[in-house]
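Subject: Structure handover

Hello,

Please open it first, then read the notes below.

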Amino acid sequence: MTLTKNMPRGMIAVAMVLALLCIAPLNAVGAEVQLSQGQTLYVPVYSLIYSGDRERPIYLAVTVSIRNTDPAHSIKLTGVYYYYSEGKQIRRFLEKPMTLAPMATTRYVVKESDKAGGSGANFLVRWQSQTPVNPPLTEGIMIGTASQLGISFSTRGVAIVTTQP
C-alpha cells in the first residue's frame with residue numbers, strides 16, 4: 001500500500017506544489033552570473049510583420065532598450081547599429097561612446113513610418129567595461145496598430161561575442 005493511496009487528491013496536489021517550491025530555490029542558488037567586460041549583442045526586431053493569407057504588411061514602431069543591470073559599475077556603449085533584412089547597415093545610432101550609469105537605461109527608436117528595416121531587421125549593440133560587470137539586458141519592443149487591431153511584442157538580445165574577465 002502506498003502513502004498516496006490514503007491521501008486525498010487535494011493533499012497530493014498541495015504536497016507536490018510544496019515540493020516544487022522547495023526545489024526551485026536550489027536551481028537559483030546554483031545559477032551563477034557570468035560577468036563580462038564587453039559584448040556584442042544581437043537584438044532581433046521587426047519594423048513590419050505580415051497578416052493574413054494575403055500577407056498584408058503591418059508596420060511597427062521599434063524601441064530598443066539597453067539596461068545596465070550592474071548595481072555598482074557603469075558600462076560604456078561603443079556602438080548601436082540598425083540593419084535591414086538583407087543584412088546591410090541602415091543607421092548608426094551612436095556617434096560617440098556613451099557611459100551608462102549603474103542601473104541606468106537608454107533607448108533607441110525606429111519610427112513606425114520608417115519602413116526600411118523589414119521583417120528581418122536587427123540591431124547590434126556593442127558595450128565594454130573596465131571591470132567585470134553583469135551584462136546589460138537588451139530588448140526590442142515592437143508596437144503598431146492596423147484598423148482596430150493593436151499589436152505589441154518584445155524580443156531579447158543575445159550575446160554573439162563576449163569578452164570574459
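**Aromatic pairs and a charge over a ring**

Searching the whole structure gives 5 aromatic pairs. Keep in mind that this is a predicted model. Ring pairs join four residues into a cluster: Tyr-82, Phe-93, Tyr-108 and Phe-123. Elsewhere in the list of ring contacts is Tyr-59. Lys-115 sits over the face of Tyr-59, 4.5 Å from the ring centre.

**Nonpolar core**

The largest nonpolar core holds 25 residues. Val-45, Val-62, Ile-66, Leu-77 and Phe-123 have the most contacts inside it. Six strands each supply two or more residues to this core: β1 (36-44), β4 (61-67), β5 (75-83), β8 (105-110), β9 (122-133) and β10 (137-146).

What does Leu-77 touch, not counting residues up to four places away in sequence? The partners are Ile-66, Leu-94, Pro-97, Met-98, Thr-106, Tyr-108, Val-125, Arg-126 and Trp-127.

**Strand pairing around β9**

β9 pairs with β1 and with β5. The β1 pairing is antiparallel, with 8 bridges. Within it, Gln-39 stands opposite Trp-127 of β9. The β5 pairing is also antiparallel, over 7 bridges. There, Gly-79 has Arg-126 in β9 as its bridge partner. Both Arg-126 and Trp-127 are on the contact list of Leu-77.

**Ile-49 in β2**

Ile-49 belongs to strand β2, residues 48-51. Leaving out residues up to four places away in sequence, Ile-49 touches Arg-56, Pro-57, Ile-58, Leu-60, Ile-151 and Phe-153. Take Leu-60 from that list. Leu-60 is 11 residues from Ile-49 in sequence, and their C-alpha atoms are 7.7 Å apart.

**Two positive phi values**

Glu-55 is not a glycine, yet its phi is positive, at about 50 degrees. Glu-55 is in the loop between β2 and β3 (56-59). Is Glu-55 buried or exposed? Its relative accessible area is 52%, over the 50% cut-off, so Glu-55 counts as exposed.

Met-103 also has a positive phi without being a glycine, near 65 degrees. Its place is the loop between β7 (98-100) and β8. Met-103 has a relative accessible area of 53%, so it too counts as exposed against the 50% cut-off.

**Asn-68, a buried loop residue**

Asn-68 lies in the loop between β4 and β5. Its relative accessible area is 2%, under the 20% cut-off, and therefore Asn-68 counts as buried.

Which backbone oxygens lie 3.0 Å from a polar atom of the Asn-68 side chain? One belongs to His-73. Another belongs to Ala-101.

Both residues are also on the contact list of Asn-68, neighbours within four places in sequence aside.

Best wishes

Notes:
Residues numbered from 1 in each chain as written. Predicted model: local features only at pLDDT ≥ 70, side-chain atom pairs only at ≥ 80, totals over all residues. Heavy atoms only, no water. Helix = DSSP H or I, 4+ residues; strand = E, 2+ residues; numbered from the N terminus. Contact = heavy atoms within 4.5 Å. Core = buried A, V, L, I, M, F, W, Y, C linked by side-chain atoms within 4.5 Å. Buried < 20%, exposed > 50% of the residue type's maximum accessible area, 1.4 Å probe, protein only. Phe/Tyr/Trp six-rings, centres within 6.5 Å; stacked < 30°, edge-to-face > 60°. Lys NZ or Arg CZ within 6 Å of the ring centre and 35° of its normal. Pairing = 2+ DSSP bridges. Polar contact = N/O pair within 3.5 Å; in protein donor to acceptor, adjacent residues only side chain to side chain.
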